[in-house]
Amino acid sequence: MKSLFAAAVAAVLASTIAPAIAVEPAPREPYGINLEGFPYPHPVNLLPLVNDGEQLRMAYMDVAPERPNGRTVVLLHGRNFPSSYWAPVIGMLSAAGYRVVVPDQIGFGKSSKPSGELHFDTLARNTILLLDHLKIDKADVVAHSLGGMLAIRIARAYPDRIAHLVLTAPIGLEDYRLSVPPTPTETIIENEDRLTADGYRRQLETNYALKLPPDQVTPFIDARFNIKGSADYQRWLRTFVSSSQMIYREPVAHEIPLVAAPTLFIMGADDHNAPGRPNAPEALRSKMGQNAELARALATQMPNAHAEVIADTGHLVFLEAPDKFDALVLGFLGK
């Protein structure tokens with residue numbers, strides 16, 4: 001009887017202790033700083049480039065449709081996301097007959113991380129070189145977040161290469177320098193290096209008003225934090241921070257009214273993302289990030305543009321409201 005009682009006690013103890021052990025976070029398996037080990041939905045190609053004398057490689061996916069309609073769409077990603085997050089949009093466009101080209105800009109995703117600073121003009125030139133390499137004379141562009149700022153720079157510098165422009169929850173609709181004081185690069189590096197995975201998840205949920213279930217956000221967390229185990233992590237970190245400084249130092253808000261290409265803004269009504277807002281004076285913070293209103297106002301100043309705002313949607317519009325987004329994009333590109 002004593003032995004049976006002891007066994008029962010041991011079983012109870014095991015059942016209460018085991019869950020506590022099970023919730024210990026598993027160590028992250030390191031990715032390379034070019035996201036080696038992180039899966040993409042289609043094969044990835046690499047285009048050799050030279051930026052500021054440095055030999056680099058630009059990663060891209062080139063997805064052919066089963067029934068081509070003779071047109072190409074280029075997808076431009078945001079700052080905090082690898083281009084793999086475009087997977088459902090790639091499928092939608094491909095099913096509609098479009099060839100879909102999806103680059104990782106230099107400094108992001110599976111592309112090289114340069115030793116120098118990032119600049120929108122350089123990224124725009126790289127994107128055009130990719131189109132030249134693929135023998136694409138003209139393309140439609142669908143851009144998200146930081147990709148929207150890049151799309152504006154491409155549309156201004158290479159207007160003959162863009163047929164239609166879709167700006168999906170773009171940042172850069174205001175000049176952040178007017179509200180946010182400059183921050184030294186080393187300070188931003190220290191802050192980013194201290195950030196934890198849980199803190200980053202909360203940051204995304206807050207800044208982007210995410211409406212996605214946690215499991216859909218986890219790949220973004222992995223892409224950001226599994227590279228911390230890489231021997232080249234500090235190189236990645238400095239490049240990542242350079243992209244933040246690029247947003248601040250190279251505004252495009254003043255150029256948007258000059259874009260001649262037919263343009264559609266697709267905005268989330270709840271998206272109030274404004275890079276650098278925590279560093280702005282308190283009196284100015286509430287005035288920043290009125291993105292839907294800014295898009296509507298800018299569209300009226302452009303020769304051929306309009307804005308659509310999707311209710312109950314945050315920054316990741318195409319993932320949060322895919323049916324509405326798909327219908328808007330296909331309707332616009334089909335005009």
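Predicted model: local features only at pLDDT ≥ 70, side-chain atom pairs only at ≥ 80, totals over all residues.
**Ground rules.** I number residues from 1 along each chain as its sequence is written. Local features need pLDDT of at least 70, side-chain atom pairs count only at pLDDT 80 or more, and totals for chains, interfaces and linings use all residues, while side-chain values use heavy atoms, with hydrogens and water left out.

**Helix α4.** I looked up α4, residues 146–157. Helices here are DSSP runs (H or I, at least four residues), and strands are E runs of at least two, numbered from the N terminus. α4 reaches 17 Å from its first C-alpha to its last, close to the 16 Å expected. The expected span is 1.5 Å times one less than the number of residues. Ten of its twelve residues are buried, so α4 is largely enclosed by the rest of the structure. Buried means under 20% relative accessible area (1.4 Å probe, protein chains only). Arg153 is among the buried residues of α4. I found β3, α3, β5, β6 and α8 among the elements that cover them.

**Helix α8.** I turned to α8, which has 17 residues. Its reach is 24 Å, close to the 24 Å expected. Twelve of the 17 residues are buried, so α8 is also largely enclosed. Trp236, Phe240 and Tyr248 are among them. The buried residues of α8 pack against α3, α4, α5 and α7 (contact: heavy atoms within 4.5 Å).

Terms used
Buried < 20%, exposed > 50% of the residue type's maximum accessible area, 1.4 Å probe, protein only.
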